[in-house]
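Please look over the sequence and the model shown here before reading the report that follows.

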Amino acid sequence: MSTIDVLDVSGAKTGTVDLPGDIFGAKVNIPLIHQVVVAQLAARRQGTHKAKTRGEVSGGGKKPYRQKGTGRARQGSTRAPQFAGGGTVHGPLPRDYSQKTPKKMKAAALRGALSDRAAGGRVHVVSALIEGETPKTKAALESLRKITQTRSVLVVVDEGDELTWLSLRNAPEVHLLDAGQLNTYDVLCYDDVVFTQEAYDQVVARLSKSGKEDA
């Protein structure tokens, strides 16, 4: 089990926290992570695509011309697929793209993603990112830059931390999540992961519980 420093708004050390080995030192199973991320992205698809068949497009009730004697191929409707304005053959239909992914797989993939970030020194814990009671985006970003200089940052906060949420929600280089929404895809999408102390404790408690259930 390793430890990292807990930093304040000035970037100074205020304490340390343990990084449990079963969460931040787990084996990185790339095929598992890939499967979980693919399922997560698939679940985001709306699946509302729809093309009309020849029975659903309007018009075409009358035979366009007589059956014989014209020298042309026989046709029964101008709404057949070969005509402009006709129906679509084997077109897309509404469907559900979501995939069933066991909770244990999701938890294992998240532990692997966090372990990868921790191995590169890209996991940080802060006591706070803003002082006072008024949200301030500039001040929060300045505090964040004292912790990490990476291009994009995932900030994980407690659900009730409204001050940090209001301060950073409009910053384009920051992605905010509450601790209960932390997932594999977002951890992998951003260069560094910054936890507030409360959010870190919640994530460790959740993943430690799932790890005990796996055992």
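Helix α3 has 17 residues and spans 24 Å from its first C-alpha to its last, close to the 24 Å expected at 1.5 Å a residue, where the expected span is 1.5 Å times one less than the number of residues. Helices are DSSP runs of H or I with at least four residues, strands are runs of E with at least two, and both are numbered from the N terminus. After α3 comes Gly121, with a positive phi near 70 degrees.

This is a predicted model, in which local features need pLDDT of at least 70 and side-chain atom pairs count only at pLDDT 80 or more, while totals for chains, interfaces and linings use all residues. Residues are numbered from 1 along each chain as its sequence is written, and side-chain values use heavy atoms, with hydrogens and water left out.

Ala107 is also, with Lys103, Lys106, Leu182 and Arg206, one of the residues nearest the centre of the largest pocket, which 22 residues line. The lining divides by residue class as follows.

| Class | Lining residues |
|---|---|
| Nonpolar | 7 residues |
| Polar | 8 residues |

The 6 strands form an open sheet of mixed pairing in the order β2-β1-β3-β6-β4-β5, where two strands pair if DSSP finds at least two bridges between them. Its edge strands are β2 (13-19) and β5 (174-178), each pairing on one side only.

Methods
On a 1 Å grid over the protein atoms alone, a cavity is a set of points where a 1.4 Å probe fits but cannot get out, and a pocket is an open set with protein on both sides within 12 Å along at least five of seven lines; lining residues have an atom within 4 Å of a point. Ala, Val, Leu, Ile, Met, Phe, Trp, Tyr, Cys and Pro count as nonpolar, Asp, Glu, Lys and Arg as charged, and the others, Gly among them, as polar.
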